[in-house]
Each structure stands twice: as structure tokens, then as C-alpha cells.
Amino acid sequence: MSHALALHGVTKRYGNFVAVDRVSLDVAAGSFLTLLGPSGSGKTTILMAIAGFTVPDAGRILLDTKDITALPPEKRDFGMVFQGYALFPHMTVAENVAFPLRVRGMGRAEREDKVRAALDLVQLSALGDRRPQQLSGGQQQRVALARALVFDPALLLLDEPLSALDKKLRAELQEELRALHRRVGRTFVNVTHDQDEALSLSDQVAILNHGKLIQTGEPAALYERPATRFVADFLGKSNFLEATAEGGVLHLGGLDLAQADAPASGPVLLSLRPEKIALLADGETAANVAPGKILSWSYLGAGYSLVVDTPMGPLRASLPSWRAPIAPAEGLAVRLGWAADAAVAVAEDPA
Amino acid sequence: MNGGHGPGGGHGPGPFARGIAWATALYLLLPLSIVLPVSLTDQRFLSLPKHDISWQYYHNLFTSPLWLDAMAQSFWIACAATAIAVICGTLCAIGCWRLARRSTEVIRALMLLPLIIPSIVYAIGLYRYFAWAGLLDTFLGVALAHGVTGIPYVIVTVSTALAAFDPRLEQASRGMGASLRQTLAWVILPRIMPGIVSGGIFAFIHSWDELLIVLFIASRNVYTLPRRIWNGINENLDPTMAAVAVLLIGMTLALLLLDMALRRRREG
Ligand SMILES: Nc1ncnc2c1ncn2[C@@H]1O[C@H](COP(=O)(O)OP(=O)(O)OP(=O)(O)O)[C@@H](O)[C@H]1O
Ligand SMILES: [Mg+2]
């Protein structure tokens, strides 16, 4: 049985400083939510409030329909993977995993069965007798997962579980974490400041900044339709076009912009992803065309990243490197084009 | 022994520093260099051996009921005092660490008072209270006095161990549903056990060779080894006392080596 979690106006202050500001969230039973935000945005504080280690100054936390705001952590029955894992160094891997069962006074035979099953789940059955210090970072992380899952927790909380690992291992464990989530079908709440991790793992992503919840949604929805400049900038890369609407037409840098569902008048901020800008061949055209010269470029393996100086200002465009139509060079004249529905209007963030 | 490092660090000690280090070490060993030969004397009074080395006073020590009794008393008192110091000191250190307020800093400092106050002042004070409580010249009284004055050693070593304890382990334990008692027994105590053992060893040594307080609060019934030596020196000059002194030093040395060995094993 998995459980739903809800936060209503959760606020946490440290003196005059508001670390978490009226955050409301709904996590459906069995779904995977990621809290994403820059350092200091309040992610850990929210997770600690969910776990019960910090008591919010205002707001409520509900598990299904039960108010758990004031329940102490040892009564909540949540599994937690701490940043750095917090494995007990004086216990073996198997003893670490058995800990939550021992706490619950479970008999030895049943305990051993469950520990074996949990270690199988994370593919560590062979290492039960080792100490945590004798494991690699990725193995330690899996022990922490097994320990958090072995007692069938109502909820699994993860605080940057992958941040200590190198890039390749991180990608591998992201896969495993996703597969694990599907297998156990529990509700997961994950914290990260890695946007790729958030996009690839989650059913829902909640974006935080300065303690405030900026936007929640499915990864693709957030990426394609960011609500504010901060979201567009934090999730992936983006160009920002500060245009003016006049009689249903957008103007920027002396050019007209074709933009789907543009407002009739006033200033408009558009977010345009680099991969949605195409390099136009001679004679080719698009809804929006901007001529320019390459200011700078870099090779990224799968593609090139170009910065092109246009009348609208410098625009970042990406170009697949496989059979690229041009050989990028500084000063090379190019034409950029994009469709009328490539850019999305976003709001300016309140200061 | 680290004679001293140049201000640059990373250099070996110079000849001057090395000389001072050795002089200090020899000075510390000086009493032993007298007591050890004297304990092997063939004479009938406290003196260096004249013709031959003799083990008679060691034989005497381990056959005389008087000395054996003192040895047993010292041992059991030290054990009881160690238990008191370890239990109280550990609980106090853990309590202060968990609360971690300014007031707990004051409490911790207060618990170190027995180290700071001159023993003689302490002994006089104890005498008055023990007379009133009927604890003078009892096993319990001496064990209590030694236990309480041994607490600072435990507090210092346990607090040091706790400072190195990762507080997330406690959070992890509670998060998995462990009560405070379970967290204490299964997570905190095993992690700080080396500190507790060290503190216990020092508390034992403290009681084992403590004289001043015993002189004040014991009379007829309680005769610890140091007190027996003290009386022996005042009454007759029996060389057995030198043998006892060697035994005292030997025990202390053995315990210190044990402490070092345990530390090394933990770090290695
Ligand atoms: N105990 C505390 N006392 C005072 N301020 C605190 C405390 N804990 C957190 N803060 C502040 O609250 C803000 C949010 O902290 P939090 O740890 O939730 O950030 P985070 O989003 O997890 O950041 P990171 O990605 O660096 O872990 C920070 O500015 C931090 O300085
Ligand atoms: Mg954090």
C-alpha cells in the first residue's frame, strides 16, 4: 500500500530568515516527486519537515488524510536515504539493513528473510558481511536504499542520494532508482539540485527558489512550458527574448516575430530553447528568421553550441555535429530560423 | 615523544629539542630507577642491593596477608570507582552533547571541578560530609569519593568521542523508528565505546594510586595499597614497600599500554 502526501502552506523561519515560504504540494500515492532548486532554496528543510526532524512554524503535512505535522520522526514509518547515506560504520551491511526490523522487535528468522530479500532487490546479496567502509560509493548508496525500503515504509525520502557519485555511476544508479520505484510502487520524494536527474527520474518535479515553490508539473511540461524565467533558465538552457507586442505583432531589434498565441500589446518575455533554433540553408525559410554572425562556438561531442550575434541580441543555438551543414567558425554569417510555436511566453520572476 | 617541530613544520626535531625530550623522559623514569633496584635489595632496610639481587620482598608481598588484603581492597575499590565514574561520566557527557546549550557547557565545566580543585581541599570537604553521612572508613565511601573524582576523565574522553560522532547516524536511527533507548544502545554507545574504555582506564588508574583522599576518609577498615605504603614508610622502612611501588607502577603502565593498544587497533 502506498500513501499520498500533502503539504499545505508549510513555512519554516530561522530568526527573520524564511527558509521555506508557504509551500503547498500534493504527491499522489505511488508517484515519484523531485524537489529541485539551487543551493539554499529550502529543499532539505522541506524534506526534514516531511521526515519530522524539523517542525514547521506554520502549515500542515498530511499523510493520506492524517495530520502528521507534529508527529516525531520515529513514529512516522518513513524510509530515508540521507545525503552521505549515514550507514552505521560499526555494523555489517546485513546488520545495517536489519536495523529497522530489529527496532520493531521482529524475530530473527523473519528478519533474515526480509534482509535477504532487500539485499536481492538492490543486487548486493553477496556483500552482506562487509562493513560499509569496504564498499564503493554506489554500493553504499544501494545499502542505504535497501535499509530504507526493508521495513515497507509508507514513504521513501531521498536527500541528494546521488550527489556524491561520479557522472557515469550517477547515470547508472538513476536507472536503478527508477526501476526500483516501479518495482516497489511506493511514494518517493527525492531532493536534488541536478536538473538532469530531476527530469529523468520523476513523475512530478517541484521547482523551488528562495524557499518558494515556483512551479510543479511533469518533467516534460515543465521543460516545454516553464512558467517563469527562473524555471526556463534552471531547467536546461534558454534564450530570452524581451519583445514588445503591438496590435498582435511582436517586435524585437527591428524585426517582427511570428509567435503563436502572442498577447495583443505590452512587453513580452519569450523563452526559446537552443535546440529549437535551426540553422537555415540557402533559400530555406521559417516562421522566424534572424540573420547573424557566429560570435563563439564550442564542440560538445553530440553537437555544437553556437552563440550567434543577431539584431535581436546574441542567440544560443545548438547544431548536431553529425553531418553538420557548416563548419562553425567565428565571424561566419548564418541564418537562424524557428517555428511560431517554438518559443513560449514566460513571466519575469518577482525580485 | 614529540620533542618539538620547527615553525616550518615537517622537519625532524633539532638536537636541542631532541635533548630536552630525552631529558624529560629520563626525569619521568628517575623514580623508577631508584625504586626498582631497591625492591630487589638483599638488605633488611630500604637500600640499594649490596651483595646480591634478591626476590625476597616480592615473595613477602605475595604471601603477607596484610599486603594481599591491601591489594585486594585497592583493586575492588578501583573497580567500583571505575563503574561509578564510567556510568555517571558517560551519561553526563551524552546528556550535555544532546542538549548542546550554553547551560550544558557550564555543567560540563562543573563536572571537571575535581581536576581543578586541589585534592586536599576536596578531601577536607568530603571528610565533613562523609562524617555526617556515616561513610567514613567504609568501602562504599572510598569508592564513591574515587568514583566522583574519576568522572572528569570519563567526561573528557567521552566528549571527545562524541564530538567525532556523526549526528546524522542518530537521525537515521530515529528516522527508522528507533526509540531514544534503542538509539543509545545500538548506535551511540557502540560508536563512543573506545572513548568510554579510555575514560574507564584512566578512572581506574586514578583510584588505584590515589592517596590523599584515602588518608582523610579512611582509618581502620579501609587500607588501600598507597595508604599501606604511606603507613609503612612512617612506621618502619620495610623494602617490601619498594616492591609494592613497583607493582603499582607496573599496573598503571600495563593499563596505559592497554589503552594505547586499543587506540591503535581502532585507528589501524
Ligand atoms: N538550522 C538552521 N539555522 C539557520 N538557517 C538555516 C538552518 N538550516 C537551514 N538554514 C537556511 O535555510 C536555507 C535553506 O536551507 P536548506 O538546507 O533547506 O537548503 P537546500 O535547498 O537543501 O540547499 P543545498 O542544495 O545546498 O543542500 C539556507 O539558506 C540555510 O542557510
Ligand atoms: Mg540540502
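Predicted model: local features only at pLDDT ≥ 70, side-chain atom pairs only at ≥ 80, totals over all residues.
**Confidence first**

Before selecting anything, colour the model by pLDDT. The overall scores are ipTM 0.77 and pTM 0.78. Chain B has a mean pLDDT of 87, with 95% of its residues at 70 or more. Among the elements of chain B, helix α7 (residues 139–163) has the highest mean, 94, while helix α4 (residues 102–111) has the lowest, 84. Now pick residues 1–9 of chain B: pLDDT stays under 50 there, and the model gives this stretch seven contacts beyond four places in sequence. Please read that segment with care.

**Chain A as a whole**

Of its 351 residues, 50% are buried. Take the contacts in chain A with a separation of 6 or more: 65% of them join residues 24 or more positions apart. The accessible surface is about 15900 Å², and carbon and sulfur atoms account for 52% of that area.

Next, select residues 5–235 of chain A. An unreviewed UniProt entry annotates this range as "domain: ABC transporter". The range is 36% helix and 26% strand, and its end C-alpha atoms are 25 Å apart.

**A helix covered by both chains**

The buried ones include A:Val93, A:Asn96, A:Phe99 and A:Leu101. Which elements cover them? From chain A, the cover includes α3 (108–121) and α4 (137–149); from chain B, it includes α8 (167–175) and α9 (180–208).

**Salt bridges, one by one**

The structure holds 18 salt bridges over all chains.

- Start with A:Arg22 and A:Asp21, whose side chains meet at 2.9 Å, N to O. A:Arg22 counts as exposed because its relative accessibility is 58%, whereas A:Asp21 is buried at 15%.
- Move on to A:Glu224 and A:Lys276, with their closest N and O atoms 2.6 Å apart. A:Glu224 belongs to helix α7 (residues 219–224) of chain A and A:Lys276 to the loop between β14 (266–272) and β15 (278–279) of chain A, so the pair ties together parts 52 residues apart in sequence. A:Glu224 is partly exposed at 33% relative accessibility, and A:Lys276 is partly exposed at 26%.
- Finish in chain B with B:Arg98 and B:Glu170, which meet at 2.1 Å, N to O. B:Arg98 sits in helix α3 (residues 65–99) of chain B and B:Glu170 in helix α8 of chain B, so this bridge ties together parts 72 residues apart in sequence. B:Arg98 is partly exposed at 37%, but B:Glu170 is buried at 11% relative accessibility.

**Around chain B**

Select residues 71–259 of chain B, which UniProt lists as "domain: ABC transmembrane type-1" in an unreviewed entry. The span is 84% helix and 0% strand, with end C-alpha atoms 22 Å apart.

Now go to B:Val35 in helix α1 (residues 15–39) of chain B. Beyond residues up to four places away in sequence, B:Val35 touches B:Ala242, B:Ala245 and B:Val246. The C-alpha atoms of B:Val35 and B:Pro239 are separated by 9.5 Å, although the two residues are 204 apart along the chain.

Follow the chain to B:Ser54, in the loop between α1 and α2 (56–63) of chain B. Is B:Ser54 buried or exposed? With 12% relative accessibility, B:Ser54 counts as buried. Leaving out residues up to four places away, B:Ser54 touches B:Ser39, B:Leu40, B:Thr41 and B:Asp42.

**Last stop: a nonpolar patch**

Helices α4 and α5 (113–116) of chain B each supply at least two of the patch residues, and α5(B) gives the most, with three. B:Leu113 is in α5 of chain B and counts as partly exposed, at 33% relative accessibility.

Methods:
Residues numbered from 1 in each chain as written. Chains lettered and ligands numbered in written order. Heavy atoms only, no water. pLDDT = per-residue confidence, 0-100. Helix = DSSP H or I, 4+ residues; strand = E, 2+ residues; numbered from the N terminus. Contact = heavy atoms within 4.5 Å. Buried < 20%, exposed > 50% of the residue type's maximum accessible area, 1.4 Å probe, protein only. Areas by Shrake-Rupley, 256 points an atom, 1.4 Å probe, with all protein chains shown as cover. UniProt positions renumbered as here; feature names shortened; annotations may be inferred. Salt bridge = Lys/Arg side-chain N within 4 Å of Asp/Glu carboxyl O.
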